[in-house]
Amino acid sequence: MVSMSGGEALSRSLVGEGVEVVFGIPGIQIYGIVAALRDEPGIRMIAPRHEQATTYMADGYARASGKPGVALVVPGVGLYNAASGLTNAYSRSTPVLIIAGQIPRGAIGKNRGSVHEIANQPDIVRPVTKWQRQAERPREVPDAVFEAFRQMRTGRPRPVLIEMPPEAGVEREEVQLRNPARVSPIVPSPDSLREVAEVIARSRTPLIYAGGGVARSDAEQALVKLAEATNIPVVTSSGGKGTIPDSHPLSYGSCFSPRGELQEMNQLFDVMQAADVVIGIGARFALGNPAGEACVLVNINIDDSELTRHQANTIPLHGDARATIEALLPHIIEAGATDRPSPAEAVTAARNLITYYDIRLQEPQYEVLEAMQNGVPEDAFMVWDVTQFGYYARTHWQVNHPKTYIDSGYSFNLGYAFPTALGVKVAQPNRPVVCITGDGGFMFNSSELSTAVQYGINVVTVVFRNDSYGNVARDLDDFFGGAYGTDLHNPDFVKFAESFGAVGMRASNPLELEKLIPLALEREAPVVIDVPFGEMPIPRAPQFAPFYRLPWTTPQEGLIQS
């Protein structure tokens, strides 16, 4: 045991868990922690301009590095501000540790009006965290950190919370540091794996549905090996984009939506409905049950609450995606499930039909994405905000490198993309990182240009500007008789970027991005590219077609029946 302060115990414990970066803003109740981080050579602290960015950056860092991200904030309002980033991390199953200060121990729960006091602080983020603990004394810190990282590395990875009162950061006592927990992946029993292998061997039209859990488990190579060994084609969810290269002959891509008016865009829906066996891997099946009710659903998931809630005819395999695939493959080979003709021609035909749909309708978003695709290096990380181009990317952006496609998941946080992209770049400083956002979303966290310049975080940010919350304006026009509150007054984004010391560029039309993005990446500086697009029509994203049939999106007479 060693005598140290709680702040020192925290910083030493974080180093022991492999933490190299903390995204935090110094404040009154966390001085002891900040001072310890300052004096810890193994960790650097990056201080953004708003607590919201701490958790967004930690989320981006975790998704790009494969390691947990760490954020640090003051109690009360600091944790409230950081909660939006936790919702995003929760929706995408990202391991983020949020360290929050507390008011003095003796004042907790007394309602005396202490600075930053709120009652029952952990309850603020309980719905978007997997685990919470308060470390009241220095000696309690190592155990709290140990368990926080164990929670993030076992089961479904999601955010966790440690809170510390200010005394715990500065008091000194004998502390016993801990080594990281030894984590063994969960693997289904051999009998269960043999049963599944037999089902797959007997299937005639099997399909793999890969979700974000494949990436969280680093199972991309195992997924490709499974597909190639069995000649079973793969459809991915938006969270699973990149888990198999879109250029792979067995990859349908992630253009998948429930049946709607556009039959061409439901090609993959029809494929899944025709499957007699669907192998779900690390997927939530967020759109309900996309598989036909007559099929067998083999559901591989680390979260046992997701295993059987979608379909009665399910064979659940509770396990880590990578470990389960690797354990399943020998049984598949033994069962003779590898003797199946290649479906590559059918896959190519379906993908060509999707492309033909866009060209035939001459939708400009497709042409713009194609221009960007030509200008962005294939290994670049792309972070997509909640924009029409982001919607289109879920279907049409070609991803051939694991973990390089990053979106907001079902949380749909407008404005998350820019600070998240900064976290990605901190994790991968030698890889290109491009953020795609709209003018409305960019201004949510545009002050983080200061952070980018201060710390040399050289992200290229493309801002599509139509001076409007365009999606909302369209819906209000279409269904409620006119837009309201959707017009935006924007700065000159080039001058705005330059005022921070960043580089500003402007495209005369969106197709210039094919040339401007490579030029921006050459600058090795934070770059903002202003892309005005005027009267470009904003179509409805096919992926979200059901949204436009929901009753609350149109005026109603009488009550809406659930």
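Q: Which residues line the second largest cavity, and what makes a residue part of a lining?
A: The second largest cavity is lined by Trp384, Asp385, Val386, Thr387, Gly390, Tyr391, Arg394, Tyr405, Asp407, Ser408 and Phe412. A residue counts as lining when it has an atom within 4 Å of a cavity point. The model is predicted: local features need pLDDT of at least 70, side-chain atom pairs count only at pLDDT 80 or more, and totals for chains, interfaces and linings use all residues. Numbering starts from 1 along each chain as its sequence is written, and side-chain values use heavy atoms, with hydrogens and water left out.

Q: Why is this space called a cavity?
A: A cavity is a set of points, on a 1 Å grid over the protein atoms alone, where a 1.4 Å probe fits but cannot get out. About 60 Å³ of space lies in the second largest cavity. A volume here is the space filled by probe spheres set on the points, which are joined across faces, edges and corners. The structure holds four cavities of 30 Å³ or more.

Q: Which helix gives the largest share of the lining of the second largest cavity?
A: Helix α14 (residues 388–396) does, with three residues. Helices are DSSP runs of H or I of at least four residues, strands are runs of E of at least two, and both are numbered from the N terminus.

Q: How many residues of each class line the largest cavity?
A: Six are charged, three nonpolar and two polar. Asp, Glu, Lys and Arg count as charged; Ala, Val, Leu, Ile, Met, Phe, Trp, Tyr, Cys and Pro as nonpolar; the others, Gly among them, as polar. The lining includes Arg63, Arg92, Arg216, Lys241, Lys403 and Asp407. This cavity has a volume of about 110 Å³. Both α8 (212–216) and β16 (405–406) supply at least two residues of its lining.

Q: Why is Lys403 called buried?
A: Its relative accessibility is 18%. Buried means under 20% relative accessible area, exposed over 50%, partly exposed in between, with a 1.4 Å probe and protein chains only. So Lys403 counts as buried. Lys403 sits in the loop between α14 and β16. Its phi is near 65°, a positive value in a residue other than glycine.

Q: What makes Phe412 partly exposed?
A: Its relative accessible area is 30%, so Phe412 falls in the partly exposed class. Phe412 lies in the loop between β16 and α15. Its phi is positive too, near 55°, and Phe412 is not glycine.

Q: How do you know that helix α15 is mostly covered?
A: Eleven of its eleven residues, 417–427, are buried. Among them are Phe418, Leu422 and Lys425.

Q: What makes Arg38 and Asp39 a salt bridge?
A: A salt bridge is a side-chain nitrogen of Lys or Arg within 4 Å of a carboxyl oxygen of Asp or Glu. The N to O distance of this pair is 2.9 Å. The pair therefore meets the rule. Arg38 is exposed at 61% relative accessible area, and Asp39 is exposed at 53%. By this rule the structure has 26 salt bridges.

Q: Are Lys241 and Asp246 buried or exposed?
A: Both are buried. Their side chains also meet in a salt bridge, at 3.7 Å from N to O.

Q: How do you know that the bridge between Arg506 and Asp492 links distant parts of the chain?
A: The side chains meet at 2.6 Å, N to O. Arg506 is in strand β19 (residues 503–506), while Asp492 is in the loop between α18 (470–480) and α19 (493–499), 14 residues apart. Both are partly exposed, Arg506 at 40% relative accessibility and Asp492 at 31%. Salt bridges with shared partners join Arg465, Asp467, Asp492, Arg506 and Asp530 into one network.

Q: What makes β11 and β14 edge strands?
A: The open sheet has six strands in the order β11-β10-β9-β12-β13-β14, with parallel pairing. β11 (251–253) and β14 (314–318) each pair on one side only. The twist averages 20° from one strand to the next, where axes are lines fitted to C-alpha atoms, for helices over the stretch in contact, and angles run from 0 to 180 degrees between N-to-C directions.

Q: Why do β9 and β10 count as paired?
A: Two strands pair if DSSP finds at least two bridges between them. Strands β9 (residues 206–210) and β10 (residues 234–236) have three, in the parallel sense. In one of them, Ile208 has Val234 of β10 as its bridge partner.

Notes
On a 1 Å grid over the protein atoms alone, a cavity is a set of points where a 1.4 Å probe fits but cannot get out, and a pocket is an open set with protein on both sides within 12 Å along at least five of seven lines; lining residues have an atom within 4 Å of a point.
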